[in-house]
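Please keep the sequence and the coordinates in view while following them.

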Amino acid sequence: MSEPSAAAPPLPDAPPSAAPPPSLRRQRDIVVRLVVIVVAAAIVALFATQWNRWIGDGTRQTTDDAYIRSDITPLSAKVEGYVKRVPVEDYQRVKAGDLLIEIDDSDYQAQVAEAEAGVLGAQAAIENIKSRKAAQHAQIADAQAAVTATQADVDRSQLEAARQRALLATTFGTQQRVEQANAEQKRLAATLASKQAELSGQQRQMAVLDTQELQLRADAKARQAALDLAKINLGYTKIVAPVAGMVGERGVRVGQYVHAGTQVISVVPLDDIWVSANYKETQLTHVAIGQRAELRVDTFPGVVIGGWVEGIAPASGSQFSLLPPDNATGNFTKVVQRIPVKLRIKPDNPLAGRLRPGMSVEATILTDTTPPPP
């Protein structure tokens with residue numbers, strides 16, 4: 001038998017590819033890490049320095065920190081008393097001038113009647129002083145006439161005395177007639193002084209009456225003011241709606257005693273509402289009064305109503321807080337402030353009459369719209 005042939009020797013493996021040296025790999029990894037770090041640092045620096053600019057340059061500035069607002073009018077009693085009537089129900093629509101609360105007015109009716117009597121008494125006193133002054137005018141006129149007549153007698157007696165003295169120098173006059181003429185002159189002069197004194201007294205009495213009339217007129221004004229105040233208090237017994245809208249929950253019931261200042265009910269004018277949107281200060285770069293706005297109320301998803309920027313607050317909300325922040329301290333953390341923006345809602349919006357103050361809103365201001373001319 002032939003011997004088996006020897007097995008062929010195995011072929012040698014292909015030589016492995018040449019691997020980079022370890023030092024080159026480390027250098028490449030370091031370069032990649034450096035590039036990543038540089039790119040990341042550049043991105044961070046870009047965001048840190050340009051973020052506010054990007055935010056402010058946006059043509060649609062949106063915030064969900066917005067709520068519907070209205071001039072809610074809380075009504076309080078201005079006089080005290082028992083509640084007589086509450087003719088409205090909770091959440092009832094009312095018109096301006098509608099009676100909301102009526103307080104028992106019997107005490108205030110009596111006060112008005114008492115004040116009216118005081119005014120009538122003051123007017124009667126004035127009329128009385130007028131009559132007295134008219135009579136005093138007549139007495140002054142009589143005294144003045146008496147002075148005038150006496151003055152004429154004095155003038156005549158002076159002429160008579162002078163004539164008698166002239167006749168005494170001739171053979172036609174006598175000493176007795178001269179003495180009689182002198183005595184008559186002195187008597188009439190004394191009578192004139194008495195009449196003048198009486199006239200002066202009557203005139204002083206008129207001045208007294210004038211002063212009394214001024215006092216009575218001042219008293220009449222005070223009593224008229226008391227009457228006006230009584231009527232005002234009487235009017236306060238009826239609390240009416242100052243504007244049209246919807247009342248809130250009633251705070252009093254019939255028979256309840258209320259004091260002045262007690263809040264009894266509130267009126268919400270639903271036809272005069274707006275949105276107060278608290279935007280970040282970085283969003284207001286290009287916001288201006290008159291720009292259009294889009295409003296989305298959370299209660300009515302999918303409905304967009306129109307509006308416009310009516311006003312921008314003069315300070316951030318933190319400045320109106322009870323204790324405004326004071327950042328002049330050693331530790332400081334910058335916080336983006338929010339500025340309230342008032343957005344007026346278009347009156348012809350599809351949700352008119354259904355919006356309520358306090359509802360949450362997502363507000364968007366279109367800064368690329370041109371405000372209307374002033």
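How many bridges join strand S12 to strand S13, and in which sense do the two strands run? Strand S12 (residues 304–312) and strand S13 (residues 338–345) are joined by 5 bridges and run antiparallel. Within this pairing, Val309 stands opposite Leu343 in S13. Strands and helices here are DSSP runs numbered from the N terminus, with at least two residues of type E for a strand and at least four of type H or I for a helix; two strands pair if DSSP finds at least two bridges between them.

The model is predicted, so local features need pLDDT of at least 70 and side-chain atom pairs count only at pLDDT 80 or more, while totals for chains, interfaces and linings use all residues. Residues are numbered from 1 along each chain as its sequence is written, and side-chain values use heavy atoms, with hydrogens and water left out.

The secondary structure of the chain comprises 3 helices and 14 strands. Of its 374 residues, 29% count as buried, a term that denotes under 20% relative accessible area, with exposed meaning over 50% and partly exposed the range in between (1.4 Å probe, protein chains only). Among contacts between residues at least 6 apart in sequence, 81% join residues at least 24 apart; a contact means heavy atoms within 4.5 Å.

The S12–S13 pairing belongs to a closed barrel of 6 strands, which runs S1-S10-S13-S12-S11-S14 with antiparallel pairing. Direction ignored, neighbouring strands of this sheet are turned by 40° against each other on average, the axes being lines fitted to C-alpha atoms, for helices over the stretch in contact, with angles from 0 to 180 degrees between N-to-C directions. Strand S10 (residues 273–280) has 7 of its 8 residues buried, so it is largely enclosed by the rest of the structure. S10 pairs with strand S1 (residues 60–70) in the antiparallel sense over 5 bridges, and Ala66 stands opposite Ala277 in S10. S10 also pairs with S13, again antiparallel, over 7 bridges; here Val275 stands opposite Leu343 in S13.

Trp308 is found in strand S12 and counts as partly exposed, at 31% relative accessibility. The C-alpha atoms of Trp308 and Ile365 are separated by 7.9 Å, although the two residues are 57 apart along the chain. The ring of Trp274 has the charged end of Lys342 over it, 4.3 Å from its centre; this description requires NZ of Lys or CZ of Arg within 6 Å of the ring centre and within 35 degrees of the ring normal.

A further sheet is open: 4 strands in the order S6-S5-S3-S8, with antiparallel pairing. Strand S6 (238–240) and S8 stand at its edges, each with a single partner strand, so one side of each is left without a neighbour in the sheet. S5 and S6 pair in the antiparallel sense over 3 bridges, and the bridge partner of Leu99 in S6 is Val240.

The largest nonpolar core has 25 residues, and those with the most contacts inside it are Leu75, Leu100, Ile101, Val264 and Ile265. Such a core is a set of buried Ala, Val, Leu, Ile, Met, Phe, Trp, Tyr and Cys residues joined through side-chain atoms within 4.5 Å. The elements giving two or more residues to this core are strand S5 (99–103), helix H2 (106–168), helix H3 (175–235) and strand S9 (263–268); H2 gives the most, with 4 residues. A second, separate core of 24 residues includes Ala66, Leu295, Leu351 and Ile365.

A search of the whole structure finds 1 aromatic pair. Tyr82 and Tyr257 form this edge-to-face pair, at 4.8 Å centre to centre and 70° between the planes. Rings of Phe, Tyr and Trp (its six-membered ring) pair if their centres lie within 6.5 Å, and planes under 30 degrees apart count as stacked, over 60 as edge-to-face and the rest as tilted. The pair links distant parts of the chain, with Tyr82 in strand S3 (residues 81–85) and Tyr257 in strand S8 (residues 257–258), 175 residues apart.

Finally, Tyr91 lies in the loop between S3 and strand S4 (93–94). Tyr91 has a positive phi of about 60° although it is not a glycine, and it counts as exposed at 54% relative accessibility.
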